[in-house]
Amino acid sequence: MDTRPESRQHEIRQEITRILREMTADWELDLPDGIRGSTGLITDLGCESIDIVMFIVAIEERFGRKGLPFESLLMNDDRYVGELTVDDVTGFLARELP
Amino acid sequence: VNARGPRALLIGLDGATFDVLDRLVAEGTMPFLGTLMSSGSSARLRTVVPPLTPPAWTSLVTGVPPGRHGIFDFVRVTRRAEEERELVAIHRSAGSSDAEAVRRAAETVQESRPTMQYRMATSTDIAAETLWSMASRQDRRVAVLNFPVGIPPEHVEGVVVPGFAPWRHLRRVVWPVTFYDVLRQLPGFRPEELVFDIERERRAIQELAIDEYDEWIDFHVRREERWLEVATHVLQNEECDLVAVLFDGVDKLQHICWRFIDTDVHTVRPEWEQRVVERCRAYYVRLDEILAETVRLAGPETRVFVVSDHGFGPTGRLFYVNVWLHRNGCLTWAAGVDLDDAQRVGPEEITRSSVALFDWSRTTVAALTSGSNGLYVNVARHPEEPGVPPEEYEDFCEALRRRLLGVRAPDGRLVVAEVLRREEAFPGPQQHRAPDLTLRLADNGFVSVLNAAEPVLLRRETLGTHHPHGVLLAAGPGIAAAGRLDEVSILDVAPALLHSIGLPVPCDLEGRFPGELFEPDALATDPPQVGPRTVARTTAPHDDAAETAGEEQVAQRLKALGYLE
């Protein structure tokens, strides 16, 4: 198995994209370019906070991990961040997953 | 249609109280419930602290209290200081002898974490085995419909359609996954009506505008009908030993419409109020029909248990506890936090907003959610960090408890009836995740976490709030026609259900077997058995393997930092 960081990152991005595609399958989104690294969960996919929660549950299920410190992704200086892209989540998981 | 019905049917009526049901039965609004009562046994059901849907139902379906199962609220709170202590404990258990190195390592790992945050509680947070799991691993099939804290669903033998799921995600949270296609084939399938999501839950305890009542009540009639349709399919097509279905409109109506349901409160009414009274009554009429149909479909050989997770009663005051904490020098609001002028208990988005209400650099204690009535103390990790120094924690909590017990409303009445330390309220291995202090208000109301002009105000209208006593009714084969019995604990329901599907009661459940519900002859021929301890759940990451994996991850992090060989 290729364990180079960029390859790992690519695998993670693919998994995240798959989760988001499944999650939003019935949402009737208008995304001509599909879900990409720069896709924003809030502005492009229309996620509300509950959808982010469900997204995290799905990630934990898919990667078989519990208790990942998503708060460091979702919060900055004790405030919630305004946007989250697929690349943000990919970078976070690449750092956190062993 | 199956020849065999389930051995046991658990019908949940969220928030049902005999204070309402007895009157509705007496006046003929709920004749089937009356028949059930007279043919079986019933008792007030003492619930857990706090009397709130997720901890209460989780207690019922695990047979252990929140201090053991770890669900204290709709949300799970994580404190940076608490997590750090856990990391230190894990590191120590890994054999390190350098205490200072351990402390620094854990602190470094935690550096990027916020002071306090929370997320929706999920099934993976339940640290105890559920009835569904106990039944499944002993070759019993179960159907679990609309129960809270069910996401992600347990991989049971049978069917799970969790409640409190955002309807846009229903496809992903049904077990088995193919059952979603079954749901879609049902003639009345409308996911947006079937599932009541957590965001709506928050709105359910705010006031409604006059023109919103009719739709609110009608929506809940439709929801109960949707769940009846799912239950009908299950009872007719899925051969299960235990079918559990929760109808939760009772709770939703009683919160907002209490003054239209509890007829002692109002006498003379304007026309629109009279219309709401009638609509509420129509809801209970329809609910009674739904109960009758569910029991009929299960069949005469099925033992039926109707239970609620907590009771209900009126609340007339609103305690903005964070305003009081602010005035007492314990809390600083974040910049730009508006004053609430709508008598709300929390922000619209339950899942994320309230931690951002506070300036944590100048806050030592805060209420994060209204449901649990819990206060979380911000404990400093080191002298330079904001928060309560660990060595002052005990005195801080005790002083706060004394002052809270003296808070008075504008009418001069005491607001807080009881302040429980977490060691008192939640004994057990999960207590470290509980609020440091839990308030029981004099009228059992919920605190508001919002900012306001005054810490206590009298509500414009009487609303309904959770009370500590719910209901238990049992009927069917082997159940005594004993009428109303003495109080039973919510922890006693799991042993009764396990026995009813032919399983022993694990020796580590905390409830007792409520033998008074049963006919003596039935117990003589089929006595309850005590069995081995519960086991770690197979699908939840709280099982031993996953817990070990989590510890390994921490160990890896610490190792990467050079503190663990």
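Q: Is B:Val149 buried or exposed in this structure?
A: In this predicted model, B:Val149 counts as buried, since its relative accessibility is 12% and the cut-off for buried is under 20%.

Q: And where does B:Val149 lie?
A: B:Val149 belongs to the loop between β5 and β6 of chain B, and although this residue is not a glycine, its phi is positive, at about 55°.

Q: What about B:Asn146, is that one buried or exposed?
A: B:Asn146 is buried, with a relative accessible area of 0%; it sits in the loop between β5 (142-145) and β6 (158-161) of chain B, and it has a positive phi of about 75° without being a glycine.

Q: Switching topic, what kind of peptide bond joins B:Val49 and B:Pro50?
A: That bond is cis, with omega at about -10°, and B:Pro50 is found in the loop between β2 (41-46) and α3 (53-62) of chain B.

Q: What about the bond that joins B:Trp175 and B:Pro176?
A: B:Trp175 and B:Pro176 are joined by a cis peptide bond, with omega at about -5°, and B:Pro176 is placed in the loop between α8 (170-173) and α9 (179-185) of chain B.

Q: Now the inside: how many residues has the largest nonpolar core?
A: The largest nonpolar core has 79 residues, and those with the most contacts inside it include A:Leu93, B:Phe319 and B:Leu375. Helix α2 (residues 49-63) of chain A gives the most to this core, with six residues.

Q: Which residues is B:Leu375 in contact with, leaving aside neighbours within four places in sequence?
A: Among them are B:Val321, B:Leu325, B:Leu400, B:Pro435 and B:Leu439.

How values were computed. Residues are numbered from 1 along each chain as its sequence is written. Chains are lettered from A and ligands numbered from 1 in the order in which they are written. This is a predicted model: local features need pLDDT of at least 70, side-chain atom pairs count only at pLDDT 80 or more; totals for chains, interfaces and linings use all residues. Side-chain values use heavy atoms; hydrogens and water are left out. A nonpolar core is a set of buried Ala, Val, Leu, Ile, Met, Phe, Trp, Tyr and Cys residues joined through side-chain atoms within 4.5 Å. Buried means under 20% relative accessible area, exposed over 50%, partly exposed in between (1.4 Å probe, protein chains only). Helices (H or I, at least four residues) and strands (E, at least two) are DSSP runs, numbered from the N terminus. Contact means heavy atoms within 4.5 Å.
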